[in-house]
Amino acid sequence: MVAGELGPCSATLDRPVPTVASFSGRPHPLLVHRNKSGCRVSAASQQTRRVRAATVQAQVASAEAPAIPKPGTLPPKIVNVDLGDRSYPIYIGEALLNDAEIVSRHVQGSQILVVTNTTVAPLYLESFVKGLREQGAFKVESVILPDGEEHKSLQVLQQVWDKALESRLDRKATFVALGGGVIGDMTGFAAAAYQRGASFIQVPTTVMAMVDSSVGGKTGVNHPLGKNMIGAFYQPRCVLADMETLKSLPDRELASGISEIVKYGLIFDPELFNWLEENVEKLLNRDSKAMMHAIDRSCAIKADIVALDEREGGVRATLNLGHTFGHAIEAAQGYGVWLHGEAVAAGMVMAADMSFRLGWIEPEICKRTVELLKRAKQPITPPKGMTAEQFRSFMSVDKKVQDGKLRLVLLRGPLGNCTVTGDFDPQILEDTISAFVAHEGISGSSDLPNTQ
Ligand SMILES: NC(=O)c1ccc[n+]([C@@H]2O[C@H](COP(=O)([O-])OP(=O)(O)OC[C@H]3O[C@@H](n4cnc5c(N)ncnc54)[C@H](O)[C@@H]3O)[C@@H](O)[C@H]2O)c1
Ligand SMILES: [Zn+2]
């Protein structure tokens, strides 16, 4: 295949897929990792841990699920993030926001500070706070931040600490993040630093936040010199994902969250990918049952990965499939022009294309990825006008560059398998970049959702 040719969508495999025994079956090969002493943990012991996690999950489910779902709502699902004494449940359901009893179960002390933004506050803040106050035992304060990634800064975060101190909150207070990923990341970091660590609870209200940012404890703010550069790993006490809140989410925000769900299918779960091929339109139509299933599976996969590698020393990096290409797109465009999920969608197609060129996957996987992302209304190529030089320069500053060598998450083997590696022919990366920046036919505006 030659540079400039967008092969995988149409071409046939020109090299056999290597037979890599370790890439077949379960547990996922990348779940071979090192324990705290640096020893390799065997797949068998990981399997044990996964079984244990599933058992804990079942126990948590029976101990913590609301006994009776609200009339007319689906019974909630519960996923447990297994981190020893910092384990926590993710509740996924309908009408959970007004079920203040669940939140109050996880509140430490008697003081609550709800952090939200100017878009989410008029929709949900009043009823949420009312429910908590009706529990009787809590003093509930709130702070409303400006909306937008550009306000994810230390300066704006200061408002949270100002409010907490003015309200005389002590270290036992619980900070509750009510909003999308920006509010979740900021609130978590505010809690981590407040008097050296207040508790916090995530109430995500976007698909992106429900399937990704609210789970796993990465918190922080942007610095003028880099996105998410100031932050901490700090786990919430629980996560509460209420499908009802997605009803007010703009179409474009909802669709861009679906690309992270596609990511879980590609890196880990062929069944989820197959299911998405059957059901993606239901997600776009906000079907609660379908959405609950997709969020449940996504959270379970992320919970498993986080339990094995909380601080991204190994397997957690696989969650960045498409992100190195995607971050280059976001940075070249200027943040906010494309949504994160949109950039990741195009980035995943590029990663799939490169994997195919390396002979690591069948062309079918590329085709299916492109088709699914198109149906999810996501772009499948970078924006028109983006140059190969922009890709090179933004990708070279990626967090996954180690000792000057770029490492990428690439697909390898049957659907649901991937690898994090710097061990590839750099010319193949060049070929993928050239093909995608040259292919203006596919990157035409009709394929881009950002015209709404
Ligand atoms: N911590 C992590 O592991 C992690 C992972 C992925 C992304 N992130 C971060 O998450 C952020 C992106 O999150 P996001 O996509 O949720 O963006 P966001 O928080 O900016 O929310 C998107 C928009 O939707 C609005 N909104 C939120 N909920 C709504 C609702 N129910 N109805 C109507 N409007 C609503 C918001 O006010 C905002 O305008 C980025 O800052 C990214 O760095 C973090
Ligand atoms: Zn992402």
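This dialogue walks through several features of a predicted model and how to read them.

Me: What should I keep in mind about the numbering and the kind of model before I start?
Reply: Residues are numbered from 1 along each chain as its sequence is written, while chains are lettered from A and ligands numbered from 1 in the order in which they are written. This is a predicted model, in which local features need pLDDT of at least 70 and side-chain atom pairs count only at pLDDT 80 or more, whereas totals for chains, interfaces and linings use all residues.

Me: Which residues come nearest to ligand 1?
Reply: A residue is near a molecule if its C-beta atom, placed from the backbone, lies within 6 Å of it. Of the 27 residues around ligand 1, the nearest are Gly 180, Gly 181, Thr 206, Met 208 and Ser 213. Helix 5 (181–193) and helix 6 (207–213) each supply at least two residues of this shell, helices being DSSP runs of H or I with at least four residues and strands runs of E with at least two, numbered from the N terminus.

Me: Which residues touch the most other members of the largest nonpolar core?
Reply: In soluble globular proteins, nonpolar side chains tend to be buried together. A nonpolar core is a set of buried Ala, Val, Leu, Ile, Met, Phe, Trp, Tyr and Cys residues joined through C-beta atoms within 7 Å; buried means 20 or more other C-beta atoms within 10 Å of a residue's own, exposed means 12 or fewer, and partly exposed lies in between, with C-beta atoms placed from the backbone. Here the largest core has 132 residues, of which Ile 90, Tyr 91, Val 115, Phe 175, Leu 178 and Ala 351 touch the most other members. Helix 9 (residues 288–308) gives this core its largest share, 13 residues.

Me: Where does His 151 lie, and is it buried or partly exposed?
Reply: His 151 sits in the loop between strand 6 (139–145) and helix 4 (154–166), and it counts as partly exposed because 19 other C-beta atoms lie within 10 Å. Leaving aside neighbours within four places in sequence, His 151 is in contact (C-beta atoms, placed from the backbone, within 7 Å) with Leu 145, Pro 146 and Val 156.

Me: What is the phi of Ala 95?
Reply: Phi of Ala 95 is near 55 degrees, a positive value in a residue other than glycine, and Ala 95 lies in the loop between strand 4 (88–93) and helix 2 (100–105). Glu 312, in the loop between helix 9 and helix 10 (323–333), also has a positive phi near 55 degrees.

How values were computed:
Two residues are in contact if their C-beta atoms, placed from the backbone, lie within 7 Å.
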